[in-house]
Amino acid sequence: MKRRDFGKLGLAVSALALGGSVMAAQTQTVSSEKNTALDQILARLTERDIPQHVGYDKRMIALITTATLTALGAETLLADQIRQALAAGIKPLQLREAMYQGFAYVGIARVSEAEKVLAAQMKAVGLGDQIEDATVVNDRDRFDKGLAIQKGIFGEAIDQIHKSARPDERYLNVDLLTGYCFGDTYTRTGLTLKERELLTFVFIAAMGGCEPQVKAHAGGNISVGNTRKMLIDALVVMLPYIGFPKTLNALAMVNEAAPAK
């Protein structure tokens with residue numbers, strides 16, 4: 001008997017010894033289509049289970065998901081999400097602004113790529129690629145308007161932070177933080193202040209490793225009228241995409257900023 005025949009015989013004997021039989025292994029299709037077991041698990045979570053357990057409507061779930069996938073650079077999933085959101089009647093302006101809210105946190109590079117995905121999906125459904133401009137500040141007032149929003153969220157402590165900034169850090173920690181991070185983002189139209197602060201929390205939590213900023217913006221959310229439940233619900237929506245470690249780290253920061261009563 002040839003050596004390979006001995007090998008086959010050995011496998012058969014082993015299977016029978018375990019009370020089984022020699023069977024062909026089950027297979028799973030791996031392709032670009034949404035038909036794998038992983039796709040089915042994601043669909044079950046995002047289309048059935050999670051919406052039943054959070055207080056957000058379809059629009060807000062879509063904005064949170066859009067921000068999350070933008071932060072992760074997950075362009076294939078983002079394209080699917082945008083296509084579904086547009087089909088549900090969610091405005092392109094709101095989807096773009098959900099992306100734009102993150103450019104000071106995850107960087108313009110990530111948001112620029114996400115914006116291209118949005119443009120492609122808009123064209124695919126016959127919406128063109130034009131969205132109204134949401135900019136309302138200019139070089140003269142972006143700092144002052146940003147400061148007003150920054151103080152509205154975090155209070156008078158901002159004045160002390162500006163006052164104590166070291167000279168060689170002032171442009172970074174004062175001019176850019178206030179004028180760019182707040183003036184160029186939070187002042188934009190298309191979303192409310194409460195929605196923008198929630199999405200800021202989403203972007204930072206999705207990045208991971210930024211727990212001090214997660215905690216700060218968890219507190220910022222509470223100050224603008226968002227609730228602890230809204231923050232936890234946002235994390236539930238995000239969890240399939242960012243995983244448990246990032247989610248639980250962010251939850252710990254929510255518990256510090258807004259403890260359960």
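The expected span of a helix is taken as 1.5 Å times one less than its number of residues. With that in hand, and bearing in mind that this is a predicted model, helix α6 (residues 108–124) has 17 residues and reaches 24 Å from its first C-alpha to its last, close to the 24 Å expected.

- The buried residues of α6 are Val111, Ala114, Val117, Leu118, Gln121 and Met122, and they cover an arc of only 135° around the axis, which puts them on the same side of the helix.
- An α-helix has 3.6 residues a turn, so residues three or four places apart point the same way.
- The face of α6 turned away from the buried side carries the exposed residues Ile108, Ala109, Lys123 and Ala124.
- The cover over the buried residues of α6 includes α3 (58–72), α4 (75–87) and α5 (92–100).
- After α6 comes glycine 126, whose phi is positive, near 80°.

**The nonpolar core**
- The largest nonpolar core has 58 residues, and those with the most contacts inside it are Tyr56, Ile64, Ile82, Leu95, Leu199 and Met238; helix α12 (residues 228–257) gives the most to this core, with 10 residues.
- Leaving aside neighbours within four places in sequence, isoleucine 82 is in contact with Leu95, Met99, Val117, Leu118 and Gln121.

**Arginine 48**
- Arginine 48 lies in helix α2 (residues 37–53) and is partly exposed, with a relative accessible area of 45%.
- The side chain of arginine 48 makes a polar contact with the side chain of aspartate 49 (2.7 Å).

How values were computed
Residues numbered from 1 in each chain as written. Predicted model: local features only at pLDDT ≥ 70, side-chain atom pairs only at ≥ 80, totals over all residues. Heavy atoms only, no water. Helix = DSSP H or I, 4+ residues; strand = E, 2+ residues; numbered from the N terminus. Buried < 20%, exposed > 50% of the residue type's maximum accessible area, 1.4 Å probe, protein only. Polar contact = N/O pair within 3.5 Å; in protein donor to acceptor, adjacent residues only side chain to side chain. Arc of directions from axis to C-beta. Contact = heavy atoms within 4.5 Å. Core = buried A, V, L, I, M, F, W, Y, C linked by side-chain atoms within 4.5 Å.
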